[in-house]
Amino acid sequence: MSSRSTTTATRAPASPSGPDPLTAVADLLREGTRAEHDRIEDALDWTNWAGDRATYAAWLARLHAFYAVWEPALAAAIADPAFVDPRRKLPLLERDLAALGSAPGPLGAAPTYPFTTRAEALGAFYVLEGSTLGGQLIAAHVRDRLGFEPAFHGSYGKATAAHWRDVRDYLDAAISSADRTQAIAAANRTFATLREHLGMDSSQL
């Protein structure tokens, strides 16, 4: 990836018709999805989901059903195996479920992947990959409370911050100024779809 210039640029005023083209894509996605992110964060009682092994396995099974449909679709749409393949989470979910003696959730229960463009896929990918940041806190709880080393929530371990920087750089290069609004809309839809799939709108947590 090309290095960033250290020259201070004069910032142009934000366009009234879309996101500021000089702002990092990940920052635009964070600001543009803040409300949906906060809704899922407020609804997710992860200490309850990780309260015992059976409940944790049930949570992972729901996530597995979602990723089993969405992850292959995202990989096909992004069309960059060198970037996507090291970040696949489905094998980690399968590893955790096997270690917990649990089966994956039914695929029929998963929402259909709704997007058609690469920019939309990258917006959705931002949501799923960004969850690895909070996953480190959940992983620590699972280790302490359940005596279990989680592959999914632990994912990158101490390298999480470095992986996230790579994702931010990739999004900057891959999503054009013209496609940023599209990516933000897809990220919001992904948050909402995941929240609904996990039952967060019906107090199932």
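Phenylalanine 66 has 0% relative accessibility, so this residue counts as buried (under 20% relative accessible area; exposed is over 50%, partly exposed in between, with a 1.4 Å probe and protein chains only). The model is predicted: local features need pLDDT of at least 70, side-chain atom pairs count only at pLDDT 80 or more, and totals for chains, interfaces and linings use all residues. Residues are numbered from 1 along each chain as its sequence is written, and side-chain values use heavy atoms, without hydrogens and water.

Now the rings. A pair of aromatic rings is described by the distance of the centres and the angle of the planes. Rings of Phe, Tyr and Trp (its six-membered ring) pair if their centres lie within 6.5 Å; planes under 30 degrees apart are stacked, over 60 edge-to-face, the rest tilted. The whole structure holds 12 aromatic pairs. Phenylalanine 66 and tyrosine 67 are edge-to-face because their centres are 6.1 Å apart and their planes stand at 70°. Tyrosine 67 is at 4% relative accessibility, so it is buried. Phenylalanine 66 and tryptophan 70 are stacked, at 4.7 Å centre to centre and 20° between the planes. Both lie in helix H4, four residues apart, about one turn of the helix. Helices here are DSSP runs (H or I, at least four residues), numbered from the N terminus. One aromatic cluster takes in Phe66, Tyr67, Trp70, Tyr113, Phe115 and Phe152.

Next, threonine 193. This residue sits in helix H10 (residues 180–197). Its relative accessibility is 13%, so threonine 193 counts as buried. Beyond neighbours within four places in sequence, threonine 193 contacts Phe66, Trp70 and Pro111 (heavy atoms within 4.5 Å).

Conventions
Helix = DSSP H or I, 4+ residues; strand = E, 2+ residues; numbered from the N terminus.
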